[in-house]
Amino acid sequence: MKTFYTLLKVRVNQLSEDSLTVGLILYNDLNFQVGFSKHKISAAKSLLDIDGRLLDLTLKEIHSKLLNSNQDLEKYRYSLLEVENQFNESYFEYLAKYSNGYLMFSQPKYIEVKNDEVNFKQLFKLFVDNTVETTEVIEDEKRLLEKEFIQRVEDNLIAKVVDRVHTHYKFDNNSIPTLLSSFDLDCVGQNGVLVGAKAMSFTHSKEKLHKGLNTYISVIAHLSTKYKKSLERNDFYLIVDEPKQGTAEHALWSQLRKTEDILKVIPSEEASIVADKIKDKKASVFI
């Protein structure tokens, strides 16, 4: 069974076509092995004129699709059904020829070795870097960004109002019958009007963001009706940092900022605005 390898490169300069080799894919008809260089990825992100998180997400998606392909091929290996491997040599030849963005694929090359872990590590050291990293590292970096985002909200908002209003309050279908799943509101209080906030990281999928936003608006509507408060006079905030321009997440963020009749959009660095509003309104617990 033939073994092929393909190098993943990041084009760091579109004009000179300078690039950094950040990863290796080793494959045959039955299995893929994928690895990335954390050092090379970090260097590439420092040279790119795009948000580095886009590169992380792209590499994560590549890794996920190839691993899913491994699982499918393994599942049907001994069955009567014949499953064609869509990520074959021809597929990577096509990517090598037509990829014209910041991520490139080298032409697949045949190599006379078995597709095993030992050979993969040797090839990785030869072509990419001395240390192999999988996308778990990339996922760790994403989690770090989210952790820093959450910590800013805790420092700028929650710590300042924890003794005044409800914080990290969990709503479920017992409190709001229309909820299909539980929903955490970072803070909410009232005194004449309702004041509250929800922090959302826009590193999640567009579908998950839409679901979270719709649920947040449903919670606001329910509380306003139950406690006889005006939607227009309430002060509800969506705490979200501006996503990278040109992305679907940025389009959603821009749309939300244009329609701030139900909730106002602010970045995590300005979360103290909500704390000040709670203090000014003398809002308190009410549920």
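Leaving out residues up to four places away in sequence, K229 is in contact with Q190, G192, V193, L194, S224 and N234. In this predicted model, K229 sits in the loop between α6 (206-226) and β9. K229 is buried but forms no salt bridge. The nearest side chain of opposite charge belongs to D235 and is 12 Å away.

D235 itself has a salt-bridge partner elsewhere. Its side chain meets that of K264, with a distance of 3.2 Å from N to O. This pair connects distant parts of the chain, since K264 is in strand β10 and D235 is in strand β9, 29 residues apart. The two partners can be compared with the 20% limit below which a residue counts as buried. D235 has a relative accessible area of 7% and is therefore buried, whereas K264, at 28% relative accessibility, counts as partly exposed. A further group of charged residues, R152, D241 and E269, is joined into one network by salt bridges that share partners. In the whole structure, six salt bridges are found.

Strands β9 and β10 belong to an open sheet of five strands, ordered β6-β7-β8-β9-β10 and with mixed pairing. At the edges of the sheet are β6 (166-171) and β10 (264-266), each of which pairs on one side only. On average, neighbouring strands of the sheet are turned by 30 degrees against each other, direction ignored. Helix α8 (residues 272-281) packs on this sheet and touches β7, β8 (193-199), β9 (235-239) and β10. The direction of helix α8 makes about 165 degrees with that of β8.

Strand β6 is joined by five bridges to strand β7 (residues 183-191), and the two strands run antiparallel. Within β7, D184 is the bridge partner of K170.

Another salt bridge is found within a helix. The side chains of E117 and K121 meet at 3.3 Å, N to O. Both residues lie in helix α4, and because they are four residues apart, about one helical turn separates them. K121 counts as partly exposed because its relative accessibility is 42%.

Helix α4 (residues 117-127) also contains F127. With a relative accessibility of 29%, F127 is therefore classed as partly exposed. Apart from its neighbours within four places in sequence, F127 is in contact with Y5, L7 and T21. F127 and L24 are 103 residues apart in sequence, yet their C-alpha atoms are 7.9 Å apart in space.

Note on methods: Residues are numbered from 1 along each chain as its sequence is written. This is a predicted model: local features need pLDDT of at least 70, side-chain atom pairs count only at pLDDT 80 or more; totals for chains, interfaces and linings use all residues. Side-chain values use heavy atoms; hydrogens and water are left out. Two strands pair if DSSP finds at least two bridges between them. Axes are lines fitted to C-alpha atoms, for helices over the stretch in contact, and angles run from 0 to 180 degrees between N-to-C directions. Contact means heavy atoms within 4.5 Å. Buried means under 20% relative accessible area, exposed over 50%, partly exposed in between (1.4 Å probe, protein chains only). A salt bridge is a side-chain nitrogen of Lys or Arg within 4 Å of a carboxyl oxygen of Asp or Glu. Lys and Arg count as positive and Asp and Glu as negative; His and the chain ends are not counted.
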